[in-house]
Amino acid sequence: MSRRTANRTRVIRALRERGPLSRRELAGIGLSRSTVTAVVDELVGAGLVTEAGGPARGAGRPAQLISLSPALGVAVGVEIANGVVRAAVCDLSRRLLAHDAVAVDERTGPEETLVVVAELVDRLLGGRSRDDVLGVGIAIPGPIQRGTGRNGRATTLKPWVDVNPYVTAAEALKLPIAVDNDANLAAVAEATWGAARGLRDVAYVYSAAGIGVGFILNGSLYAGANGTAGELGHTTIDENGEICECGGRGCLNTLANAASISLNLRRSHGRELSIAEVITLARGGDLGCRRVIADAGRHIGLAAANLYNLLDPELIVLGGNLAPAGEILLGPLRESMARRAIHAGEVLPPFIVGELDQDVVVVLGAAAVVLRDDERFPLPDR
Ligand SMILES: [Zn+2]
């Protein structure tokens, strides 16, 4: 590779990994100002990047930002969840172009689900063809075993247990694929566009059917030796508690996930409420609903204190179906966490609701994995 080609590749990789950058920021990757000027001018001439005014930063005039050209292609993010599939299309300048969701029966098998995914993706591509797609990131609930690439039995998506989603999706969609679990990808989304931008050590607590954590440690996603890192929902809160679907007893999921919150209200409210209904009622002042959400917050706070004591993240972000509860959950959560966390004379990390819309946070993260990785999802040859 000539030096010129190598410098072009470095600039493109920096724009893929970090998003739009000023010329000064590009010089920060270890190129001289004159090299940056030469490479950027060449890339602008070739139509690979565009330069435009970005948002104002500080007091100075807004810096001109270099972005990859939206015409180069798109990244697709897909979420396969319980009862629903979602998808989003983003261009290489990191703009969200389209997104939507389709309901599917929870018992639907992987092949049939992927037919629905393919139709949804083709619809969201609009006038584009699949040739414009650099890759598809796919989010699956629960851990993916690192050795086999299969979904473990702990996944809440029962028809996918023991299935290799990477192989199955690559065959069905005929596109380059990346697969990861939903909590990890939501963490990537907040690190790309939201509350965790620019941070190196972040825990993203994601509540769907169960509660999982996506870890960004030292600036990279951390999956663990077997791919099961972050299964916060299966940490023991009550040794004598109810049996969890993992076979354990008194796991956080048996006390604080959406289903167990709703179950607590069956006697008082006469039927099983959805978690969205519970949160709406709590916001309206319903005491029972406020109480079960606060209790869930206290249990999550206990688990989060252990997480903090072990890993010391600089920020903890809450996302998923419990996030709309906001301070009704987070107040008791922080109190419970503070009681158990080591302080060592320092303040605890902020525990906040994520900045991104809960409907798109996971699919955005799935698309971001493709957008950010120039090695696995290279630009088309020009
Ligand atoms: Zn469990």
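I looked up Asn164 first: at 19% relative accessibility it counts as buried (buried is under 20% relative accessible area, exposed over 50%, partly exposed in between, with a 1.4 Å probe and protein chains only). I note that this is a predicted model, where local features need pLDDT of at least 70, side-chain atom pairs count only at pLDDT 80 or more, and totals for chains, interfaces and linings use all residues. Residues are numbered from 1 along each chain as its sequence is written, and side-chain values use heavy atoms, with hydrogens and water left out.

**Entry 1. Asn164**

I placed Asn164 in the loop between strand 6 (133–140) and helix 5 (165–173). Helices (H or I, at least four residues) and strands (E, at least two) are DSSP runs, numbered from the N terminus. I then asked which residues Asn164 is in contact with, leaving aside its neighbours within four places in sequence. I found Thr148, Gly149 and Arg150 (contact means heavy atoms within 4.5 Å).

I checked the polar atoms next. The Asn164 side chain reaches the backbone oxygen of Thr148 at 3.2 Å. A polar atom of the Asn164 side chain also lies 3.0 Å from the backbone nitrogen of Val167.

I found Thr113 in helix 4 (residues 110–125). Thr113 has a relative accessible area of 3%, so I logged it as buried. Leaving aside neighbours within four places in sequence, Thr113 is in contact with Ile80, Val85, Thr108 and Trp160.

Is Arg24 buried or exposed? I read 65% relative accessibility for Arg24, so it counts as exposed. Arg24 sits in helix 2 (residues 23–27).

**Entry 2. Domains**

I used the domain assignment of the chain, which gives domain 1 (3–68), domain 2 (73–187 + 361–372) and domain 3 (195–353). Domain bounds come from an automatic or database domain assignment. I noted 30 Å between the centres of domain 1 and domain 2, taken over C-alpha atoms. The contact takes 7 residues from domain 1 and 7 residues from domain 2.

I looked up the area next. About 610 Å² is buried between domain 1 and domain 2, and carbon and sulfur atoms give 39% of that. Buried area here is the accessible area (1.4 Å probe) that two parts lose on being put together, summed over both. Which three residues supply more than any other three of the area that domain 1 buries against domain 2? I found Arg16, Glu17 and Leu68, with 77%.

**Entry 3. Polar links between domain 1 and domain 2**

I counted 6 residue pairs in polar contact between domain 1 and domain 2, both residues at pLDDT 80 or more. A polar contact is a pair of N or O atoms within 3.5 Å; within protein, one must be able to donate a hydrogen and the other to accept it, and residues adjacent in sequence count only if both atoms are side-chain atoms. Helix 1 (3–18) and strand 2 (64–68) each supply at least two residues of the side of domain 1 that touches domain 2. Helix 1 gives the most to that side, with 3 residues. I sorted the residues of that side into 2 nonpolar, 2 polar and 3 charged. Ala, Val, Leu, Ile, Met, Phe, Trp, Tyr, Cys and Pro count as nonpolar, Asp, Glu, Lys and Arg as charged, and the others, Gly among them, as polar.

I found 1 salt bridge between domain 1 and domain 2. A salt bridge is a side-chain nitrogen of Lys or Arg within 4 Å of a carboxyl oxygen of Asp or Glu. The side chains of Glu17 and Arg372 meet in a salt bridge at 2.8 Å, N to O.

**Entry 4. Other salt bridges**

How many salt bridges does the structure hold? I logged 17. In one of them, the side chains of Arg13 and Asp374 meet at 3.2 Å, N to O. Arg13 lies in helix 1 and Asp374 in the segment after helix 13 (361–372), so the pair ties together parts that are 361 residues apart in sequence. Arg13 is partly exposed at 35% relative accessibility, whereas Asp374 is buried at 12%.

I also found Arg130 in a salt bridge with Asp122, with the closest N and O atoms 2.9 Å apart. Arg130 is partly exposed at 27% relative accessibility, and Asp122 is partly exposed at 35%.
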